[in-house]
Amino acid sequence: MSDANIPPIPYLGQKSDEITIYAGPCSVESAEQFDEVAECVKGLGLHWIRGGAFKPRTNPHSFQGLGEEALKIMKDAGERYDLLTLTEVMDSAHCELVHSYVDGLQVGARNFQNFSLLKKIGQVTADSHKMVLYKRGFAGTIAEWLAACDYISDCGNDNIVLCERGIRTFETATRFTLDIAAVPVIHKQSLYPVCIDVSHPAGQRDLVPALAKAAVAAGADSLMIEVHPNPPQALSDGPQQLTPAQFETLVGELRQIADVLGKKIV
């Protein structure tokens with residue numbers, strides 16, 4: 001078959017020349033900690049900062065987040081550094097509260113098929129159309145992931161970003177197995193942009209740069225990268241978080257790759 005007879009590669013997703021980075025600590029631990037990361041993010045010309053306020057932890061005795069105090073810290077830093085803020089919503093009862101403080105609401109992997117929460121988020125954001133970053137579950141298929149988006153969009157908000165964060169397989173060398181193929185598959189099957197959380201599948205900070213570069217090369221629309229001023233002292237997920245200096249180096253490298261693809265990191 002000649003090249004002229006080969007059909008074009010299908011791509012439903014809206015192509016953009018921008019790759020957004022959502023960077024910040026796993027958990028908001030103090031105003032000083034969050035402020036240091038916000039200063040770094042702003043200094044790199046990025047626009048979003050993320051952090052955990054209500055933390056879903058496997059062990060109930062682990063740090064559970066600062067709750068509303070963390071939301072206040074995020075809002076204050078966002079206003080001072082002119083950054084958009086993103087945090088996870090764990091409970092339907094928290095939706096209005098979280099919505100009142102931040103610019104984007106995240107659905108975590110553990111709530112992948114918490115349909116009552118998805119509907120509540122759709123209802124709460126129906127008028128504001130704030131972004132909803134919706135993570136894939138540990139064992140969720142892409143078909144299930146896409147289908148569940150309707151629980152949000154049917155309630156009034158289709159401003160959804162799908163976030164691949166690694167799935168559970170037999171492999172133990174990494175925390176999760178990053179399904180990089182999810183990027184072109186989602187672009188082929190839907191109009192939603194795709195984010196790659198490179199920190200959770202890595203589980204180790206030295207693996208984060210390679211996964212981030214692979215995500216940009218694969219066509220991801222955005223990346224989520226965890227950054228902490230002092231990872232060894234982090235109250236959650238310290239081993240996978242980059243220092244501000246390491247993050248700055250990585251962003252520089254990602255910008256070089258993006259430039260080759262005719263894109264820019266924002």
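**Aromatic contacts and cysteines**

In this predicted model, the charged end of Arg 165 is placed over the ring of Phe 176, at 4.1 Å from the ring centre. Phe 138 and Phe 176 are both buried.

Across the whole structure, the search for aromatic pairs returns 4. One of them joins Phe 115 and Tyr 151, and this pair is classed as stacked because the ring centres lie 4.3 Å apart and the planes meet at 15 degrees. Since Phe 115 belongs to helix 4 (residues 115-124) and Tyr 151 to helix 5 (residues 142-153), the pair ties together parts that are 36 residues apart in sequence. Phe 115 is partly exposed, at 30% relative accessibility, and Tyr 151 is likewise partly exposed, with a relative accessible area of 32%. The rings of Phe 138 and Phe 176 are also stacked, with their centres 5.4 Å apart and their planes at 10 degrees. Phe 138 lies in the loop between strand 5 (131-135) and helix 5, and Phe 176 in the loop between strand 6 (160-164) and helix 6 (182-189), so that this pair links parts 38 residues apart in sequence.

The search for disulfides, by contrast, finds 0 in the whole structure. Cys 26 takes part in none, the nearest cysteine sulfur, that of Cys 163, being 13 Å away; with 1% relative accessibility, Cys 26 counts as buried. The sulfur of Cys 149 is 12 Å from the closest cysteine sulfur, again in Cys 163, and is therefore too far away for a bond. Cys 149 is buried as well, at a relative accessible area of 0%.

Technical notes
Residues are numbered from 1 along each chain as its sequence is written. This is a predicted model: local features need pLDDT of at least 70, side-chain atom pairs count only at pLDDT 80 or more; totals for chains, interfaces and linings use all residues. Side-chain values use heavy atoms; hydrogens and water are left out. A disulfide is a pair of cysteine sulfur atoms within 2.5 Å. Buried means under 20% relative accessible area, exposed over 50%, partly exposed in between (1.4 Å probe, protein chains only). Rings of Phe, Tyr and Trp (its six-membered ring) pair if their centres lie within 6.5 Å; planes under 30 degrees apart count as stacked, over 60 as edge-to-face and the rest as tilted. Helices (H or I, at least four residues) and strands (E, at least two) are DSSP runs, numbered from the N terminus. A charge sits over a ring if NZ of Lys or CZ of Arg is within 6 Å of the ring centre and within 35 degrees of the ring normal.
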